[in-house]
Amino acid sequence: MREIIKMIVVLTVLSSFSGGLLAAIRGGTKEKIEYQQLVFVKGPAIRNILEGCSNDPIVDRFKIKDGDIERSFFVGVFDGKANTVAFEGVGKGFGGDIGLMVGVSIDDDKIIGMGVTTHSETPGIGTKAKTDPKFSNQFKGLAVVEPYKIKPDGGGIDAISGATVTSRGVCVGVTNAAEIYKRLKPQIADKIKEFK
Amino acid sequence: MIKRSFIGLLKPQFECGSIKDTPSLKQIPTSKEITLLSNCPFDKKKLLFKKKAPVKTGQKLLLYKESDEYIVSSVTGQVSSISSYIGDFGQSYTAIAIEVADEEEMDDEFKSAAGGSQNATLETVKNYLAFAPGNPPVKLFTDKDKPINTIVVCCADSDLLITTNQYIVQSDIDAIKNGISILKTATGINDIIMVASQSQMHEVSATGEKVNQVNDTYPSALPPLIMKDMLGKVVPAGKNPEDIGVCFISAEAVASIGNAFNSGQIPVTKILTLVKKDGSKSLVSARIGTPASDIFKAFNITLSENDRIIFGGPMTGSCVYSEDHPVQPDTDAIIVQDKDDIPVISDYPCTNCGDCIRVCPANIQINLLVRFLETGQYQEAADQYDLYSCIECGLCSYVCVSGMPIFQYIRVAKYELDRANTAEATNG
Amino acid sequence: MGPILNAMVAMGGLGLVLSIVLGVASKVFYVYVDPKVVAVDECLPGANCGGCGYAGCSDCAVAMVAGEAPPNACKAGGDDITEAVATVLGVSAESAERDIISIFCRGTHTAAERKYSYKGVLDCRAAVLLAGGDKSCMYGCLGLGTCVVSCPFDALKMGEDGLPVVNEKLCTGCGTCVAICPRNIPTLIKESQKVAALCSSHDGGKVVKAICNVGCQGCGKCKKACPEKAIIVDKFLAIVDGEKCTGCGECFEECPTGIIQSLVAA
Amino acid sequence: MAKSITQEFVKGLWDEIPPFRLVLGLCPVLAVTKSVENGLGMGVAVVFVLVCSNILVSLLRNIIPSKVRIACFIVIIATFVIVVELLMQAYTYPLFLKLGIFIPLIVVNCVLLGRAEAFAYKNGVIASIADGLGIGIGFTISLTALGALREVFGSGTFFGISVFGPSFQPFTFMVEAPGAFVCLGLMLCMMNLAGNK
Amino acid sequence: MGDYALLAISCILVNNILLAQYLGCCPFMGTSKKMETAIGMGMAVIFVLVMAGSITWLIDAYVLKPFGLEYLRTIAFILVIASLVQFVEMFLRKSIPGLYKGLGIFLPLITTNCAVMGVCLININEEYTFIQSLVTSFSYAAGFGLALVLFAGVRERILLARVPKPLEDTAIGLVTAGMLALAFFAFKGMA
Amino acid sequence: MVDNNRFIVSHAPFWHDGSRISTRNYNIALAALPAILLGIIYYGMPAVGVVSLSISSAIIWEFAFCRITKCSVTIGDGSAAIIGMIFGMLLPATAPWWLIIIGTFVAIIIGKQIYGGIGANPFNPVVVAIAIVMISWRDVFDFNEALMNYDFDFAMVYPLAALKHFGVSAVDSFSMGDLLMGKQSGGIGSTFGLGLIAGGIYLIVRGIIRWEISLSFLAGIFITALIFNLNDSARYAGPAIHLFTGYTLIGAFFLATEDSSSPVNFIPMLIYGASAGLLTVLIRNIGVYVDGVIFAILIMNLVNPLLDKIHPKAIGRVA
């Protein structure tokens, strides 16, 4: 019986000690982690889309409730005017979800840029969706109304050669994003006024 | 050699050799010296006779003290040497060489002991006829542990090319008939089944016994398949027919028994098929113990380095390394192969082509079995891959594309397992 | 300090609950286990990694105690664990003196006659079943290397001359090759033995002379030459008694076929 | 059998180098070696956890009752794993993203548990550090080597820098799952070859 | 219902825990030399994973999340899994020795099977509901078992082949596992 | 007993039906010849280059491996040549040289030799190699693009790719006769349906491959494709398209039938073939790959050891 008690005591003390230690470390790193997440996951795409903006879009962000989900919008200030938002869309690719970021100008409801943030596509081919500007630039200047399709599906986007599925996934993602934009446009317009 | 036909889709057919294309019997003159092999190990201390001991034709010679092993001399003369001989699968023999005298003298011990076919008893058969041509399985009849209730007389020859039984059926059906009746009275078993091929049906049915027709294709005439196809009994894996009360005896052995009681002499000549290098066959009659070289001499066969001499059929026989190997009571054929005709045995691995599976009459998964045997996992092979179901027809090796000696692997595995099991039984 | 306390309490509680459950369970569900297995289990890492091929450490311990697995089966543990296990099992590493294998036949391709050329399964056990093997000598090495394949420690190699060669560094004296050889050519001798008559033939001198250049003819010259009386001749075969032999070498010159040889590397 | 500290260290680099000699800890080896960087990062994380847990286990070896030693080891290892996890998130976030779920899974890497049990629980602190460093660095070397092999052939880059120039068509198979297994198998074969000499 | 079926197929074939996510390789290599062992291990993994999957989900939802202790997941999960496995082992050994013989001896192997831990973490990361977690846990485990049994079938044959010495055993096993993973590429995009 | 002749002693049987691995393999080469010839006629010298480089590099790899591992050199059995040949047949005529060399390396070394050579490979070496190079360099296998520079009197379209991207209407224009005569885009030796069928029948008659596998494979494709087609004929093409395009025919007669990776018993052979056919159409219709033959066969190779556990009971087997 003594053995069991010793065992219980040791295990309990050890666990609670580790809990305490971890909580302390966690406290010290929490802020840093949140910022890092934004910078590294979405940062590159946002910066790419809102190229030339005069503010830090990651700092200037706001959230809007869309049903159960909270969506983050990143504001881009051009020529001293906050007239652009970047936000996320999701499409299905070859190896899972493709996360992408779409920038829309609220002045004329046109896509000003698109960039893939997360994906698990085949390196070399599917990854071109992220790295090849030729592909993503095709979305530039398109209006947010139409569903985007690759050419084999009857749309106007040239698919990345050998990565039809990925290209299709990206199109679906952009279409999704466009729908979100259409749905939430009033709120976006409201919020964006706060950034001048 | 039967080559693979162009159309390989069908199962290969192996027509058994027929007596019709074999020329008539050729008698081999008695040799100067003959050798008799008794399958009991050489033991100098217990020998009952010595060198120079005189023997007569048909004389029974008991070999050792405290043993009822005997041989029957096939000639008259004197013992010239006694030595040890190691055969296949660890079988050791006592080899007794007899120098043949000019005058032949018949021994009459059997005549007085037997006293005509009416008085045939199992004792007489057992005590005098175990060494007769065709090797009558006399021991099986007297084994108390495994009572026999059915005797199958095999008139067809089990291996390819062999025509001994066919010849006996054709030439000496009366002796067979006589032998059967002696067997019946001696053993008291009435359930006798004759097995014959189609061409023999006419003659064999004349004996008045129950006759079953067996296919002309190899390996239909092998005992386990006869058991399965004719008798509807399946021999359990690892068991012999006698374990379930069935005894196989060749037509030649039956004829020997018949002739022995008829004439009062133990028969000493063996009928066998000689297959020459060019594949032509001859039917030969020779004294038991005649060295193969004397038969070769009679047919002008010369052998050279790396040829092969086979005693028995091409599928189940065994090789001998000496030209002087004697004809034994169960030597049904002697085949000579030229070195250029010997198929290559390779150490190539199994390619899993499945030809062996399709040809195997026992439904064994040979492609897997052989992999276990190759790696020496004999116990697993026996437990999971039906090693003991093998009826030893040799067809798997015959068709093997890789040229693997599958049959040899199987025999070695069985032998090694038995050895290990006996060792285990004696140790603990 | 709120979150820290929170975490401490939560983890502590979890640890407490789980250890109590396990503590109680170990009493309630107690099952007798062979103390030797427990002892071996104690030695093992307990990581249950499966690297040994057994289902977990205790399964491996059972196998070790039963002798199915060698003490060094645990790959994760390394030498220390092997030693500990060996101590528990009582197969101490430093057992008196090592036995090693010696090949008791010198009948190379050129030295020994063959009675036929063998074709078939390349395994001595198979070859010996066909009329007693292709060597004319009933006792000689068949040279197909079944012992080489069987050696679990790669201590045997087939030499160019058709005889196996022992690597004394690797040989552990396990005796696997002795058991598998159909002719008992590999023989266990004490590592300290200095001289041996490397032949296994019990055939008489005349027979040996006819079939082998390097067979013991049982002439007994070595026996006479030996000052220590360390050699006996049994059924035409000289046998050196390793205990008595001093390795003086008097017998080497006497042997007409030179099969009495020094085992000590020059 | 006392070995010097150097010996304890060196054995991890060759004689007992995981995962080649001790075929352990395969999962992260296969999963994170798509590039050198990942392999190196994972290796460093493992070294950290291994050394820290070895120190702690070695320090506490007289307190921990043998019945619950495994549970205690797990707690200690898990603690350090979370520490690594948090630190990586805070300072090397991109690497954390790539290594993903495999950072928390260090906790079930049998190399760590195996060392704690087989070495640290029985030896002093200094020796345990040496052992942990040795095995850990050995592990890192293996990961990095495999990562280099796969990255160079699979993507044509080394630490993200193109090696063969733009005309090179990468052997994508190497960075896919099957390639990981095949590469590791072939490397193991090479190690066996080298070890037998 | 269809969604769950799709999820299951995805977990068993497309995202096979072992071949696509590399989890559980150590026991995979260890227990695949014989078919019987492979089947036993497969069953044991299914059994434990379903239990572990549900318990860790509950702990995460009702203990860790309410207190904001998500970062303690790793340690909490491993503790729970280890204890659970040990408990089940003791329980089986005493109460159902028959089942213990067939399944229990594989249980200790599972503690350090990263597949179990991995699936529990995936369930939480992907924010599956409880039922979904149950489905994924079962199907991931089934996928593991499937791969294990298929692999064992192939490996039984490889053990009999004349594999060059340095490749024997684990090395050739890994290469074969690679082929297995390659074959499972066939299911890409099916779910 | 003094005689100088040393005879050969071996175990029964003393006869052999004369079949040899090399004969078998050369027969396979013979059967593959028509399909290759048509490919060469269509694609000219590049096709000759691809096939001959493929064969020779395969032989060289095997020779090198045997030399390095110091085992006896086995290139004489023709198995390396066959592997190289079939590998070449699956490639487009524009395949780059380095791909062929890597592919044959994978096929010979990883697919076959490291498992212990002929008969021991659990997977068809050619299929393994093709699968690996296919996932690595997908654009080489995009036949439409790869063969763009050829100009023929027929529509140079890879039917399966067209089917995948543009739906059934895109393949309506193909007539059965054209497909069988190889008037489609594809691998060098995999488009001439008639030649492949003739070769296959020759091999079946010679007993070198098994009709059970080939036939059930084709039947599996036919039935599955038919079911899909009946359900939604706008999305899924009919069985004829699936039977005579892509790697179907070469798969049925030259890939699925490879000895050591396919079953040997009757029922397993049927299951093996039919499942491979089913998987092929599944991958083509709902998977991501344009052609499913390669992966379907790979999967079935994997299942093969389990399938072969179904076999008739050996005689006399107790329990």
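## Polar contacts between chains B and F

A polar contact is here a pair of N or O atoms within 3.5 Å, where, within protein, one atom must be able to donate a hydrogen and the other to accept it. By this rule, in what is a predicted model, 21 residue pairs are in polar contact across the interface of chain B and chain F, with both residues of each pair at pLDDT 80 or more.

## The salt bridge

How many salt bridges does the rule find across the interface of chain B and chain F? The rule finds one, and it joins the side chains of F:Arg24 and B:Asp355 at 3.8 Å, N to O.

## Extent of the interface

Among the 13 pairs of chains in contact, chains B and F share the most contacts, with 76 residues of chain B in contact with 49 residues of chain F. The size of an interface is often given as the accessible area lost when the parts come together. Between chain B and chain F the buried area is about 5,400 Å², and carbon and sulfur atoms give 57% of it.

## Chains that chain B does not contact

No contact joins chain B to chain D, the closest C-alpha atoms of the two lying 22 Å apart. Chain A and chain B likewise have no contact, and their closest C-alpha atoms are 36 Å apart.

How values were computed:
Residues are numbered from 1 along each chain as its sequence is written. Chains are lettered from A and ligands numbered from 1 in the order in which they are written. This is a predicted model: local features need pLDDT of at least 70, side-chain atom pairs count only at pLDDT 80 or more; totals for chains, interfaces and linings use all residues. Side-chain values use heavy atoms; hydrogens and water are left out. Contact means heavy atoms within 4.5 Å. Buried area is the accessible area (1.4 Å probe) that two parts lose on being put together, summed over both. A salt bridge is a side-chain nitrogen of Lys or Arg within 4 Å of a carboxyl oxygen of Asp or Glu. A polar contact is a pair of N or O atoms within 3.5 Å; within protein, one must be able to donate a hydrogen and the other to accept it, and residues adjacent in sequence count only if both atoms are side-chain atoms.
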